[in-house]
Amino acid sequence: MSGILKVSSDWLALREPEDADARSLDLARTVAAMLPDGPIVVHDLGSGTGSMMRWLAPLLPGPQTWILHDWNAGLIERAIDATRPTDRDNAAISARSETGNLADLRAADLAGASLVTASALLDVLTSRDTHAVVNACVEARSPALFTLSVTGEVRLGPRDELDSAFEHAFNAHQQRNTDGRQQLGRYGAPIVQGLFTQAGWKVRQSTTVWRLDHRRPRLLREWFRGWVDAAVEQDPGLRAAATGYRQLRESQIDRGELTAHVRHVDLLAWPRG
Ligand SMILES: C[S@@+](CC[C@H](N)C(=O)[O-])C[C@H]1O[C@@H](n2cnc3c(N)ncnc32)[C@H](O)[C@@H]1O
């Protein structure tokens, strides 16, 4: 199985620089301006190895404490052990971990939060998870910055007539039911946006795009392989066509000719008044 289908620390490390380039600085600066003078407490949901903390901490005031939530204890351990970023005044930040399923998140778990964040999370959540997350944020009255949720829109260059068949199958795969969990895929972000709006919160969104090309050939190759593997797993009828499609696209990657724009959306939600 390719990296895109499973959450491994290698895959998270490979995508981290592109994630950092893609996330909306505008929304990050907007939320930074909403925060009280320190100390601040940030809860990062689905933290993985801590990529969001490394990107956002230097944009926020201190003193900062980060609480990293994930159900994969191995990934959070790496986040806690990794070199920490500093806050925007170059002061050290502190971090600790909470291991558990976000479906069980309650407002009490976010008590005292200044900000709740997530990155590359909403598309892998279920309806139950998203309701728990939004309810907890709303009850705790903490602004939420949820970055890099996939929208399902991919544009490869040069175009090929098979692109849309693979895109369609990949998007269906994103919503697969695994071990009784029905992931929301590209509907994760709009559903979360709707839940915050229904709660009377303001929401701003920004389109954020991975622009993959010869500058990050390993990421482009891994992403492409995972994208096609997932599509074929979802629709085995694509298997025969996938052989030639893979050869064509991999040779384009070898020559530095392939580009892939993978659209995401960042959401910022905060209570009115
Ligand atoms: C695609 S990774 C993103 C990790 C990190 N935010 C980043 O940007 O590198 C999604 C993360 O969410 C975690 N996750 C997914 N569903 C979860 C759930 N229901 N409860 C807790 N963690 C979850 C996974 O273990 C994984 O670390």
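Author: One definition is needed to begin: two strands pair if DSSP finds at least two bridges between them. Please keep in mind that this is a predicted model.

Reader: Thank you. In which sense do strands S4 and S5 pair?
Author: Strand S4 (residues 115-119) and strand S5 (residues 144-157) pair in the parallel sense, over four bridges. Within this pairing, Ala 118 has Phe 146 in S5 as its bridge partner.

Reader: And what is the order of the strands in the open sheet?
Author: The order is S3-S2-S1-S4-S5-S9-S8, seven strands in all, and the pairing is mixed. Strand S3 (94-99) and strand S8 (202-212) stand at the edges with a single partner strand each, so one side of each has no neighbour in the sheet. From one strand to the next, the twist averages 20 degrees.

Reader: Turning to the ligand, how many residues surround it?
Author: The ligand is surrounded by 21 residues, the closest being Gly 46, Gly 48, Ser 51, Leu 102 and Ser 119. By class, the shell has 11 nonpolar, seven polar and three charged residues.

Reader: Finally, which residues of helix H9 are buried?
Author: Tyr 245, Arg 249 and Ile 253 are buried in H9. The buried residues of H9 pack against helix H8 (217-234).

Reader: What follows just after H9?
Author: Just after H9, Gly 256 takes a positive phi of about 75 degrees.

Definitions and conventions
Residues numbered from 1 in each chain as written. Predicted model: local features only at pLDDT ≥ 70, side-chain atom pairs only at ≥ 80, totals over all residues. Near = placed C-beta within 6 Å. Nonpolar A, V, L, I, M, F, W, Y, C, P; charged D, E, K, R; others polar. Helix = DSSP H or I, 4+ residues; strand = E, 2+ residues; numbered from the N terminus. Axes fitted to C-alpha atoms, helices over the stretch in contact; angles between N-to-C directions. Buried ≥ 20, exposed ≤ 12 C-beta atoms within 10 Å, placed from the backbone. Contact = placed C-beta atoms within 7 Å.
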